[in-house]
Amino acid sequence: MTTSSGLPASTLPPHFAYQNQRLMAENVPLDRLAHEHGTPLFVYSRAAILDALGAYQRGLAGRKHLICYAMKANSSLAILQTLVREGCGLDIVSGGELERALAAGVEPSKVIFSGVGKTRAEMRQALTAGIGCFNVESRAELDVLDEVARDMGMRAPVSVRVNPNVDAQTHPYISTGLKGNKFGIAHEEVASTYRHAATCRGLRVVGIDCHIGSQITQTGPYLDAMDRVLDLVQAIEAEGVAIEHIDFGGGLGIDYQGDAPPEADSLWAQLLQRMDARGFGDRMIFIEPGRSLVGNAGVCLTEVLYLKPGEHKNFLIVDAAMNDLPRPAMYQAFHRIVPLTPREGEPTTWDVVGPVCESGDWIGRDRALVAQPGDLLAVMSAGAYCMSMASNYNTRGRAAEVLVDGENAILIRARETAADQLRSERALPAV
Ligand code: LLP
């Protein structure tokens, strides 16, 4: 089946489709939003987020579980609220994310705190808030947390992040479960770390966790990591330290370019089978999905500024750039780029680039498009790790964001102005 743009329908994620030659998010034409709010503009589909969450909820139905959305993927307040209102907890990695999480109304006990470099101030902030678990990544961190909690007359709930030494078979920058990565405590040292933690008066062991990487498209690495973690749980519990919950992290990939990751429900059907077979069927399960909940629920709309055909390359210069969409520059990532209102004609092969003064500022290479200045394009699969990684490079304000729900579209973030950026700066005294 093909759409009116000539694109196979299957290349567009659910809730994004052409109707009468206009690309829609649910029932809202995206060109209308671009005209109303300007570009670059991020647009998210609430239904797409809820569908993605639904797959996990189905997969884990009937099991004790907590889905802690890894908010680094997209930490905009309204996105957090959307997930928190469905009962999700949140996986945070900084004091700033904790403040956002609380502003979104999450129950503090449903917050887990990941990351290799928590500061003492962040530990105190999280203990005061009453978060559910610290996912500790080193022995040194464990000891500092113990000290901080004792000073406050508290016991910090802890889980040790296991580095299971499993190859997630993804981009090296987003692979985290191998020995050469900075993350987690080596498999061989985990049992002794738990023995130690159990003797610390400022700590209360509640769980164990792992996260092996991101944009994982195969089931095998998950099963391997699960086996290794379950082996450890057996060993640790044999020594008398109880593990209440097992946190399998996030990492499930999405379809950017014909990728075919398992659906969350079928992945979990397989993982639960393995847990049952090993006698862990009634264990509390935590997960930390990020990208797979929001990645394909968002697009970034951009306007074509100039066509710059050349001898070696044709450049299509658009008003979105690497500060809005850093993934291509950082990971050579692929995002589909499609017109909001397709034109007839013979496509030209373009490198789609932004206005930032760097050759690394590209959004898509060698893309066949029919486009004219003033045309609007959608950069697809831009719901995760785009807005949350956006910067002010070149003093570009961060884009506005809109959340669509059926026929309704609400602005969830105003476009950032230069005045917003200058507000926190201090000029030198007059000479
Ligand atoms: N849990 C932990 C401890 C993590 O470090 C991450 C992601 C997640 C959960 C969520 O992983 P997800 O389900 O989103 O794959 N900026 C990169 C991705 C970095 C992922 C960092 N950690 C990108 O744009 O591809």
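Modeller: What follows starts with the sheet, moves on to the salt bridges and ends at the domain interface. The model is predicted, and the numbers below are computed from it.

The sheet is open and has 3 strands in the order β1-β2-β3, with antiparallel pairing. β1 and β3 (28–29) are its edge strands, each pairing on one side only. Strands of a sheet pair through backbone hydrogen bonds, either parallel or antiparallel. Here β1 and β2 (residues 22–25) are joined by 4 bridges, while 2 bridges join β2 to β3. A25 of β2 can be followed across the sheet: A25 is the bridge partner of F16, and A25 also stands opposite V28 in β3.

In a regular strand the side chains alternate between the two faces of the sheet. β1, which covers residues 16–19, shows this pattern.

Helix α1 spans residues 30–37 and contains both E36 and R32. These two residues form a salt bridge, with the closest N and O atoms 3.5 Å apart. E36 and R32 are about one helical turn from each other, because they lie 4 residues apart in the helix. E36 is exposed at a relative accessible area of 51%, and R32 is partly exposed at 36%.

E86 and R46 meet at 3.9 Å, N to O. E86 sits in the loop between α3 (77–84) and β6 (89–92), and R46 belongs to helix α2 (residues 46–59), 40 residues apart from E86. E86 is partly exposed, with a relative accessible area of 35%, and R46 is partly exposed as well, at 27%.

D324 and R396 form another salt bridge, the closest N and O atoms being 2.9 Å apart. This pair spans 72 residues, from the loop between β15 (315–318) and α11 (327–331), which holds D324, to the loop between β19 (376–379) and β20 (400–405), which holds R396. D324 has a relative accessible area of 1% and is buried; R396 is buried too, at 17%. Elsewhere, D227, D231, R274 and R278 are linked in a network of salt bridges.

The domain assignment gives domain 1 (9–46 + 295–422) and domain 2 (114–289). Their centres, taken over C-alpha atoms, are 35 Å apart. At the interface, 11 residues of domain 1 are in contact with 9 residues of domain 2. The size of an interface is often given as the accessible area lost when the parts come together. For these two domains the buried area is about 890 Å², with carbon and sulfur atoms giving 50% of it. Y331, F334 and R336 supply 50% of the area that domain 1 buries against domain 2, more than any other three residues.

Across this interface there are 1 salt bridge and 2 residue pairs in polar contact, counted with both residues at pLDDT 80 or more. R336 also forms a salt bridge with D255, where the closest N and O atoms are 3.8 Å apart.

Key:
Residues are numbered from 1 along each chain as its sequence is written. This is a predicted model: local features need pLDDT of at least 70, side-chain atom pairs count only at pLDDT 80 or more; totals for chains, interfaces and linings use all residues. Side-chain values use heavy atoms; hydrogens and water are left out. Buried means under 20% relative accessible area, exposed over 50%, partly exposed in between (1.4 Å probe, protein chains only). Two strands pair if DSSP finds at least two bridges between them. Domain bounds come from an automatic or database domain assignment. Contact means heavy atoms within 4.5 Å. Buried area is the accessible area (1.4 Å probe) that two parts lose on being put together, summed over both. A salt bridge is a side-chain nitrogen of Lys or Arg within 4 Å of a carboxyl oxygen of Asp or Glu. A polar contact is a pair of N or O atoms within 3.5 Å; within protein, one must be able to donate a hydrogen and the other to accept it, and residues adjacent in sequence count only if both atoms are side-chain atoms.
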